[in-house]
Amino acid sequence: MDISIHGDGIKISDGLDQYTRARVDKLDRYLPNIAHVGVELAIIRTHRGADIAIAQITVQHARGAILRAEEKLDIENRDTIRYAINKAVDKLHRQIDRFKSKRKSKAQKVRDKYRATLAELDAAEDVPEYAMTTADEAAAATEILRRKLVELIPMNEAEAIEQLELLDHNFYMFMNADSTQVNVLYRRDNGGYGILAPQ
């Protein structure tokens, strides 16, 4: 299992690196054939209130499924980032349970196909909301803050719904295998899903 750890606003010391790898390495016991685990650790300095520690863990299974967990905590002491890592790993354990149960039930009906890529996951990420000044909010409202390239692999709508649920996002962009068009699947506020498709 390949593990990469990156820091933003935080120095990844040898101790923190070893701690993170020890926690993440155990995921392989619950979900064999993990191809890659990406860990992003960040400290966000805020002008108002406590600074924020963020641990985001992305797991890519050998079959292509992607699981992601993120934990944000107000910094109380130097161990807060470790608590955030622990909580993110706990969230991943719950997602792995959901992933395995979906695979079992789906295997009885149709063959599983997980085709999301890390690039698609990055494109579906929410932009973190942190304390901003009024000037920052005005500038952010009129400029593009993030632009990502997405590799689109054909999948049907049921597979797109499954990937949306695994990622726990509100929307998911995919190549519809039936129409060969780019579609956006989204979660409706009043329940269910909707699809945006070009005319």
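Which residues does Leu-67 touch, not counting residues up to four places away in sequence? In this predicted model, the list is Leu-31, Ile-57, Thr-58, Val-59, Leu-92, Gln-95, Ile-96, Phe-99 and Leu-166. A second, separate core of 8 residues includes Ile-66, Leu-164, Leu-167 and Leu-185.

The protein has 199 residues, and 36% of them are buried. Its secondary structure consists of 6 helices and 8 strands. Read from the N terminus, the elements follow the order β-α-α-β-β-β-α-α-α-β-α-β-β-β. Among contacts with a separation of 6 or more, 53% are between residues 24 or more positions apart. The accessible surface is about 11,800 Å², and carbon and sulfur atoms account for 47% of that area.

The largest nonpolar core holds 28 residues, and the members that touch the most other members are Leu-27, Val-37, Leu-41, Ile-57, Val-59 and Leu-67. At least two residues of this core come from each of β1 (2–8), α1 (14–25), β2 (34–44), β3 (52–61), β4 (66–74) and α3 (80–109). Helix α3 gives the largest share, with 8 residues.

Strand β3 also contains Ile-54. Is Ile-54 buried or exposed? Its relative accessible area is 5%, and the limit for buried is under 20%, so Ile-54 counts as buried. Between Ile-54 and Arg-82 there are 9.8 Å in space, C-alpha to C-alpha, although the two are 28 residues apart in sequence.

An open sheet is formed by 4 strands in the order β5-β6-β7-β8, with mixed pairing. Why is one side of β5 (154–155) and of β8 (193–196) left without a neighbour in the sheet? Both strands stand at the edges, and each has a single partner strand, so one side of each has no neighbour there. Within it, Leu-185 has Ile-195 of β8 as its bridge partner. Leu-185 is also one of the residues in the second core.

Helix α6 (residues 157–167) lies across the strands β5, β6 (171–176), β7 and β8. The helix runs at about 150 degrees to β6. Returning to the opening residue, Leu-166 is among the residues that Leu-67 touches, and Leu-67 itself belongs to the largest nonpolar core.

Key. Residues numbered from 1 in each chain as written. Predicted model: local features only at pLDDT ≥ 70, side-chain atom pairs only at ≥ 80, totals over all residues. Heavy atoms only, no water. Buried < 20%, exposed > 50% of the residue type's maximum accessible area, 1.4 Å probe, protein only. Contact = heavy atoms within 4.5 Å. Areas by Shrake-Rupley, 256 points an atom, 1.4 Å probe, with all protein chains shown as cover. Core = buried A, V, L, I, M, F, W, Y, C linked by side-chain atoms within 4.5 Å. Pairing = 2+ DSSP bridges. Axes fitted to C-alpha atoms, helices over the stretch in contact; angles between N-to-C directions.
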